[in-house]
Amino acid sequence: MRRKVKEQVSRMEFVNRENDFRHTDYEEEMRVYRYVRDGDPRAPEEARRRFTAGRQGHLSDDPLTNMKYLFVASMTLIIRFAITGGMNSETAYTSSDYYIQQMDKCKSVEQVRDLHMEAVEYFTGYMADLKKEKIYSKTVMHCMNYISCHLNRPVCVTEIAAQVKRNPDYLSSLFKKETGKTISEYVMESRLQAARNMLLDSDCSCAEVSAAFGFSSQSYFTRMFRLYTGETPKKFREKYMQSGL
């Protein structure tokens, strides 16, 4: 099998040379992803130039399918560079899922290219905003990522400390020092923020939202939500529906 693949690859390399085709240089290709990671405003233009240069590779005989494959490959690299730059991993993967789902609906090569530009601009802007915010230690970032992945239920300090392999007391002190919040406060705020988004982005009832984020009862969810936003979940949703937001 390995010999057969090597023969096919050698044949493809010969055809590429005969057609004077070469893939994008590795360093040149990585430049755009470093720009994204660093929130560099040059990223969109670099991505546009690279994505229209005709040196990305031949993955399918169908032009649209070929471009979609290239889009997925690019998104895979973008989110990994974004994560190394400090983007929350769950946010990065979910953003990638969103753009790939949108790509799946594209009907032309031009639509895929335009969507790729949009994705690059989104991630670059996100990373630029992130650079302006406080930079947290690797341990605290791990805590935040773990919490983000478990918003459907309460998580305690001991559980999080076990995941990041730190003493609970040390972790609590470090987290409070860097964020100004206790871990419990951060967990609650994260769950309520996610619940807030779900109220705006879905037709789920308040009871369903409460259950989705592991609150022990709807009344407890309502009480905590009011403390966080100043309004009950129902009033909050009604206000934004009426305003058209």
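**Reading one predicted model**

User: Does lysine 165 count as buried or exposed?

Analyst: Lysine 165 counts as exposed, because its relative accessibility is 69%. The cut-offs: under 20% relative accessible area is buried, over 50% exposed, in between partly exposed (1.4 Å probe, protein chains only). The model is predicted, so local features need pLDDT of at least 70 and side-chain atom pairs 80 or more, while totals for chains, interfaces and linings use all residues. Numbering runs from 1 along each chain as its sequence is written, and side-chain values use heavy atoms, without hydrogens or water.

User: Where is lysine 165 found?

Analyst: In the loop between α8 (157-164) and α9 (168-179). Helices here are DSSP runs (H or I, at least four residues), numbered from the N terminus. Check the backbone too: phi of lysine 165 is near 60 degrees, a positive value in a residue other than glycine.

User: Which residues are buried in helix α3?

Analyst: In α3 (residues 43-51), they are Ala43, Pro44, Glu46, Ala47, Arg50 and Phe51. Down the axis of α3, these buried residues fall within an arc of 165 degrees, so they line one face of the helix. The arc is taken from the directions from the helix axis to the C-beta atoms.

User: How many aromatic pairs are there?

Analyst: The count is 10. Tyrosine 122 and tyrosine 126 form a tilted pair, because their ring centres are 6.1 Å apart and their planes meet at 55 degrees. Rings of Phe, Tyr and Trp (its six-membered ring) pair when centres lie within 6.5 Å; planes under 30 degrees apart are stacked, over 60 edge-to-face, the rest tilted.

User: Where do tyrosine 122 and tyrosine 126 lie?

Analyst: Both are in helix α6, 4 residues apart, about one turn. An α-helix has 3.6 residues a turn, so residues three or four places apart point the same way. Tyrosine 122 is partly exposed at 30%, and tyrosine 126 is partly exposed at 29%. Ring pairs link Tyr98, Tyr99, Tyr122, Phe123 and Tyr126 into a cluster.

User: How far apart are glutamate 238 and leucine 199 in sequence and in space?

Analyst: They are 39 residues apart in sequence and 9.8 Å apart in space, C-alpha to C-alpha. Glutamate 238 lies in helix α13 (residues 233-243). Glutamate 238 counts as partly exposed, at 31% relative accessibility.

Conventions
Helices (H or I, at least four residues) and strands (E, at least two) are DSSP runs, numbered from the N terminus.
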